[in-house]
Number of protein chains: 2
Amino acid sequence: METIPTEHNVTKCLAQFLVDSHWESILPPVRHEARRAILNNIGCALGSCRDDVTGRALGVLDTFSGPREATVIGRSERLDVLSAAYINAVSSNLLDFDDTHLRTVIHPTAPVAPALLAMAERRRVTGAQVLHAFILGVEVECRIGNSISPWHYSHGFHITSTCGVFGSAAATAKLLGLDTRRTAWALGNAATQASGLVESLPAMSKSINIGSAARNGMIAAFLAERDFEAAESAIEGRFGFTHVMGEKPNLAEITKRLGETWELMQNAYKPYPTGVVLHPVIDACLELRSRYSIAPGRIERIEVRGHPLLRERADRPGPNIGREAKLSVHHCCAVAFIHGAAGVRQFTDACVNEPAVLALRGKVALEEDATVPVESAYVSVRMQSGEVYTEHVLHMRGSVARPMSDADLEAKFRDNAEIGASQVEPDRLIDAIWACERSDDVGQLMRMTGSPALVSRAG
Amino acid sequence: METIPTEHNVTKCLAQFLVDSHWESILPPVRHEARRAILNNIGCALGSCRDDVTGRALGVLDTFSGPREATVIGRSERLDVLSAAYINAVSSNLLDFDDTHLRTVIHPTAPVAPALLAMAERRRVTGAQVLHAFILGVEVECRIGNSISPWHYSHGFHITSTCGVFGSAAATAKLLGLDTRRTAWALGNAATQASGLVESLPAMSKSINIGSAARNGMIAAFLAERDFEAAESAIEGRFGFTHVMGEKPNLAEITKRLGETWELMQNAYKPYPTGVVLHPVIDACLELRSRYSIAPGRIERIEVRGHPLLRERADRPGPNIGREAKLSVHHCCAVAFIHGAAGVRQFTDACVNEPAVLALRGKVALEEDATVPVESAYVSVRMQSGEVYTEHVLHMRGSVARPMSDADLEAKFRDNAEIGASQVEPDRLIDAIWACERSDDVGQLMRMTGSPALVSRAG
């Protein structure tokens, strides 16, 4: 049997890092990024809390729920902490409106934050504990993802779930205060549960991957807490995660400069719930509309020029349903000019069939230009009057070069809270999330995300 | 993107097969084999019901258990049906004493039967329904295993769990009476949960794989029942299970002659809880002992000749603990002559250190012979008196060529029931299992496997 060097003792090294890390060593910008990620996560969950997919999964887990200690975000039902983490992970990722670690394309927060937030309703923990465990969980999942990217995802493993389970396990282990040996077991117990196929992505079953990553990582840590032993080399061993589910993994990616750099600082947030290639186009249209007060009814033609991927992924002149419209440059331009927005509401089936949208999308022309980067685009609008307005977006909003501001994230949160019809008070919740570093009981914050007034519509 | 032919529509084809299959078309020998498999499964679970591993996993799941509708085999605790299936799957496989589909090395019953037996305590189902769903579940998991063997397991995926989740999903879907569309979703929801690393096999975390396969297959079916849609080509698609977790899968293996042949008929049962390479050696020793009334104290030397794998896997003259002794030809010969048995008791740490065992194992000599098949062995015993007794085992007990008889399985069951200290009455239970085809409520049988008299020792 071939011997693969395990010189890094990766599993043990990660465990040691998790145990040794102290909150005091985490610098303020990293702490703030954690709050931003959690704000965005809870907001996305609010936006999808009444979605059918969330409801169906909730219907099953509700049937088998244990002690109902934890809040389902935006809903009145309560579930055991494992099941609440599952559902909150599902709803926070459902619309692909959550955050992205661009190097791996992991959505880092969805499998990690819901686990910690549910835990906070089972045992009293401070905001600093939750933020710290969250930062570490994201670090572990993204570093493991780095070691097997890009092969792992392009081969067909849904990287957000296969790596997310490590993030949840690492974060839960930290919150439970496990020692190094047990933390290593938590990681090993997570490794052997890593699952998720890319084939599932267009289907509801994608959400199983996300929910399972959150839940199973917690199970991994709870088992480790009871001395349920895992393989010591579960990540780096000959038959461990990186070799079995990766090709030529770069193990040094996992351990180099641990504690000095933070993957969370590479996190990107989406301003629009669409394919990321459309984001600079939408930016340009919204900018034109507002700068020149363009009346959509007087537009003769909209010309879009962008990276070849834009045509490849989004040249879809006649989408029939909201989901297709998320990958239609024609629809995105039309709603940006007509609604002055490209939020969740603009991608409903109803919006796709609005007469004004139908009319304007027919006037969109797409041209590809290999010299334009993916995060850039040119949009020209020719009015019936003959005037032409042009906008060039160099860096799309939400990119690392042009991040969404805190105010942008707040606006997105409010929008999501309204869309989800959760009846939570967004401003109180926003304040609580920004202030959570000083909270001595995160469970209070979580209870504010529930919707006690609503009648249960589970299932 | 490379296009892989999906000419078989494997997922849909399996779903159609599951829905169309009628109990009347299942011939008596297949029905009987299902009873044998379930007898063996429940017996193995009884044998390990008080093991530490079972107890630790139970401790975690007990904390989060929902409605306690289902029996934990051999114990007084009750759990929700998902958690009970998990624990019963764990205990039935824990000692590697369960059954084996030799072509794939899948232990077919552990992920499937516990799911069905737990379900039987939630909704009233007949023995015929359970046996039928079990046969179909095993068929699906083993055929999917055939399509990706031997690469899948040798690459590092724990095939019992990665394929077992399909078995549990298929069987649960059948028991729930799902239609073809929903059955296909159940299979797809299972595919995206397939997990389990070979690295875990020597550790407790192996048991997570088995328990998760049973539980997650049930979740897959329950979600499908609520119209939770999966990818239609979850098994055969470009990014589906067989391509992502297999190499050059042979999809025809999954669908050819469906309903005409039954993988369950290739199932083998273990008479001894040791590595399978040791089985013919143990057979020979037990045969010699009983035929010639050999007094172990008068043995001068034991010579064993077998396939090279025997030396490679089991040349371990000085095992220190029970787990090592399971792969020691020296220990196995010693206990066979001294105890006249090679059961669970012979592989405890205590037995490994018995003075008589220590003395005799030092007299064992091992010789490899490439002309001897794996399922054969030669054993010669030279007595101090100078006499030499020799035995040649052509086919080991438990092989397909020389299957364990029903009486053998009953004896194994009784032995397991005693070892596990579960205080269940084995004979009543054996009778109930043999008669289960005529039962109109399998839940009754399951309640007989519990141990109401015992005080809980969970965790």
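Student: How many bridges join strand β5 of chain B to strand β7 of chain B?

Tutor: In this predicted model, strand β5 of chain B covers residues 299–306 and strand β7 of chain B covers residues 377–383, and the two run antiparallel. The number of bridges that join β5 to β7 in chain B is six.

Student: Which strands of chain B are the edge strands of the open sheet of four strands?

Tutor: The order in this open sheet of chain B is β6-β5-β7-β8, with mixed pairing, and the twist averages 15° from one strand to the next. An edge strand pairs on one side only, and in chain B that applies to β6 (364–368) and β8 (388–393).

Student: At about what angle to β6(B) does helix α16 of chain B run?

Tutor: Helix α16 of chain B is formed by residues 329–339 and lies across both β5 and β6 of chain B. With the direction of β6(B) as the reference, the helix runs at about 125°.

Student: Which element gives the most residues to the side of chain A that touches chain B?

Tutor: The contact takes 49 residues from chain A and 49 residues from chain B. On the side of chain A, the elements that give two or more residues are α3 (52–63), α9 (180–191), α10 (206–225) and α11 (241–244). The residues on that side divide into 23 nonpolar, 20 polar and six charged. The element that gives the most, with six residues, is α10(A).

Student: What relation do chain A and chain B have to one another?

Tutor: Chain A is superposed on chain B by a rotation of 180° with 0.0 Å of shift along the axis, at an RMSD of 0.1 Å. In chain A, the C-alpha nearest this axis belongs to A:G66 and lies 1.8 Å from it. Because 100% of the interface residues of chain A are also interface residues in chain B, the copies meet through the same surface. The relation given by that rotation is that of a two-fold axis.

Student: Which residues have the most contacts inside the largest nonpolar core?

Tutor: In soluble globular proteins, nonpolar side chains tend to be buried together. The largest nonpolar core here has 309 residues. For B:L116, leaving aside neighbours within four places in sequence, the contacts are B:V130, B:A133, B:F134, B:A171 and B:L175. The residues with the most contacts inside the core are A:L116, A:F134, A:L187, B:L116, B:F134 and B:L187.

Methods:
Residues are numbered from 1 along each chain as its sequence is written. Chains are lettered from A and ligands numbered from 1 in the order in which they are written. This is a predicted model: local features need pLDDT of at least 70, side-chain atom pairs count only at pLDDT 80 or more; totals for chains, interfaces and linings use all residues. Two residues are in contact if their C-beta atoms, placed from the backbone, lie within 7 Å. Ala, Val, Leu, Ile, Met, Phe, Trp, Tyr, Cys and Pro count as nonpolar, Asp, Glu, Lys and Arg as charged, and the others, Gly among them, as polar. Copies are superposed by least squares on the C-alpha atoms of residues with pLDDT of at least 70 in both. A nonpolar core is a set of buried Ala, Val, Leu, Ile, Met, Phe, Trp, Tyr and Cys residues joined through C-beta atoms within 7 Å. A residue is buried if 20 or more other C-beta atoms lie within 10 Å of its own, exposed if 12 or fewer, and partly exposed in between; C-beta atoms are placed from the backbone. Two strands pair if DSSP finds at least two bridges between them. Axes are lines fitted to C-alpha atoms, for helices over the stretch in contact, and angles run from 0 to 180 degrees between N-to-C directions.
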